[in-house]
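Subject: Structure handover

Hello,

Here is the structure we spoke about.

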Amino acid sequence: MSGLPDLSLSIGGIQLKNPIMPASGTFGYGQEYEDYIDLNQLGAIIVKTITLKSKMGSHPHRSTEVSAGFLASIGLQNIGIHRFVEEKLPYFETVDSLLIVSIGGESVEEYVKLAKILDRQKRVDALEINISCPNVHQGGMHFGTDPVATKDIVTRVRDVTDKTLIVKLTPLVTDIRLFATLSQQCGADGVSLINGLPGMAVDIRTTRSRLGRNVSGGLVGPAIKPFALYLVRQVYESIDIPVIGIGGISSPEDAIEFFIVGASAIEIGTWNFVNPNIMIEVINGIQDYMMSNNIQELSQLIGTFS
Amino acid sequence: MEYQVIENINISLTYYKLALRIPSNAKLPLPGQFYTVRCGETKEPLLRRPFSMHRLDKKGEAVHLEILYRVVGKGTDWLSRRKIGEKVDAIGPLGNGFLFQEDVPNVILVARGIGLAPLYGVAESVHMRNQEAGIFILMGAQTDERLFYEKECSKIGRAFFYTDDGSKGFQGNGPQLLRHLMASEQLPQRLYMYACGPSHMLRDLANISEKFDLPGQVALEEHMGCGLGVCLSCVCPLRADSIRREQHWKKPSLHWSADGSRVYSLICKDGPVYDIREVEWDEWLA
């Protein structure tokens, strides 16, 4: 076999040099990690979900650790689309990786407005539509669990932009295949899953939540990986567009499991906090695996579950 | 980055002191700054744990970072079992350190339990800058048995101890002891306070600070996801009026509400040290 294996892939109209990206909300606006990882080596960078107006987010005491997981209620704290475009976007002119912007709204109109604004930004390569945040009172998961809202948002965002669209799905539905299929029918170029699961942790001395007044949060990290794998396999078998796997990936082996059940790409979240260089280590580990198994192209690995 | 363990000893009960050799190409920390340390090799515990710098120990060319910690769970238990020569994975120094007031002749440090960890380095720094500076240390715990570093405290300054049950020193808490010392004129007039300990204690000290015009700084503790300013877990509510009035520290992560009435700061980036009067204590403790 000559040279390194080919890790590139296409999602809609964009070509990623490899299938490794940070999960939205675990990588800030990218620049925060520049001292810890080579941003140019990533398949794409997905930034923290942006909303139309800035959001204060949840009350203080937003996170706690649980068994092999991280429970957090951030509540989509962010600086809003206008400051994002003015203050954060210019930095990406210096970064040689694709940029995917995660968008969140409290109404269908807000998603449309966000998509219109971002459609005008050349540096933005794709949008990830977050209809699955477990920690906001309006929008978020409420849209992702409602087929009518999902259909409406994806259709109307598709109408206003030609950029690659990825729909980030919530696991908190009876049949996730319905939402994946709807996303595809309405023009999505890919789906990503899973967002965090709602969860709680209680301080038995005070009988209060370990997240204070926030009460509950989104459970992420290695604890959710088996569930994520299960859902990725279901979705892969029901749609034709690429599936991006997310959920507790902490090693090349974890990522390869996701490819085998049908993910075309993966996002790494919590483990960026544990090891800021993990994404590079996963890219290298996937290459090693492919070479030792004589796999030349990533596509030969995807969906090989037997 | 990998740091070599130079020393890891049990001080008393569950309190330990860890010394790590700082690689020659690494930045040196300031009192109040912290490191996040990977406390295990598996997925539980999962996240890095933040530890403040206790003090720096300069041994010729080598500089050792000392961390004081209390074993409270699986992560710190794992850390307590690291042996000399082993490596631990630490990221830092992170956050902002304490600011030193050049024109203040006397400092008072108020600590409870492991809150002493970052304050001891403050005492050393103050002493190094001004050997004439008066250093007063109020150190306490639940009981005499749970007190530690009494000798060290007495060596670096004038130490007063307090315990909840009165088994050593003043019976009561740190803020009560501070009020007592002020009322009985055992402290000089021009004082600057540095404090670290439970949030309720810091809030009570903030009230004293307001009432008696005693300025100071606090180091806050909070659960952190990343320590790098991306997960946005460790927000601290600050007083919008005080932030507009004076800003001592560079605070790159301030996040304002649309109407400008509320402001959140990230403890890992803008803190963990804050002016005692800029924290919105009621919201922090709610």
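This is a predicted model: local features need pLDDT of at least 70, side-chain atom pairs count only at pLDDT 80 or more; totals for chains, interfaces and linings use all residues.

Residues are numbered from 1 along each chain as its sequence is written, and chains are lettered from A and ligands numbered from 1 in the order in which they are written.

Chain A
Chain A has 9 helices and 16 strands (DSSP runs numbered from the N terminus: H or I of at least four residues for helices, E of at least two for strands). Its C-alpha trace spans about 60 × 45 × 40 Å along the principal axes. The radius of gyration of chain A, 18 Å, agrees with a compact globule, because 306 residues would give a value near 19 Å (taken over C-alpha atoms; the rule is 2.2 Å times the number of residues to the power 0.38). Of the 306 residues of chain A, 55% are buried (20 or more other C-beta atoms within 10 Å of the residue's own, with C-beta atoms placed from the backbone; 12 or fewer is exposed, in between is partly exposed).

Contact between the chains
In chain B, 27 residues are in contact with 26 residues of chain A (C-beta atoms, placed from the backbone, within 7 Å). On the chain B side, strand S14 (235-238) and helix H7 (281-285) each supply at least two residues, and the largest share, 3 residues, comes from S14(B).

Domains of chain B
Chain B is divided into domain 1 (2-94), domain 2 (106-219) and domain 3 (223-286), with bounds from an automatic or database domain assignment. The centres of domain 2 and domain 3 of chain B, over C-alpha atoms, are 24 Å apart. Their contact takes 13 residues from domain 2 of chain B and 10 from domain 3 of chain B. On the domain 2 side, H5(B) gives the largest share, 7 residues.

Strand S3 of chain B
In strand S3 (residues 34-37) of chain B, B:Phe34 and B:Thr36 point one way, B:Tyr35 and B:Val37 the other, and all are buried. S3(B) runs antiparallel to strand S4 (residues 49-52) of chain B, joined by 4 bridges, and antiparallel to strand S7 (residues 87-94) of chain B, joined by 3 bridges (strands pair if DSSP finds at least two bridges between them). B:Thr36 stands opposite B:Pro50 in S4(B), and its bridge partner in S7(B) is B:Ile91.

Regards

Terms used
Two residues are in contact if their C-beta atoms, placed from the backbone, lie within 7 Å.
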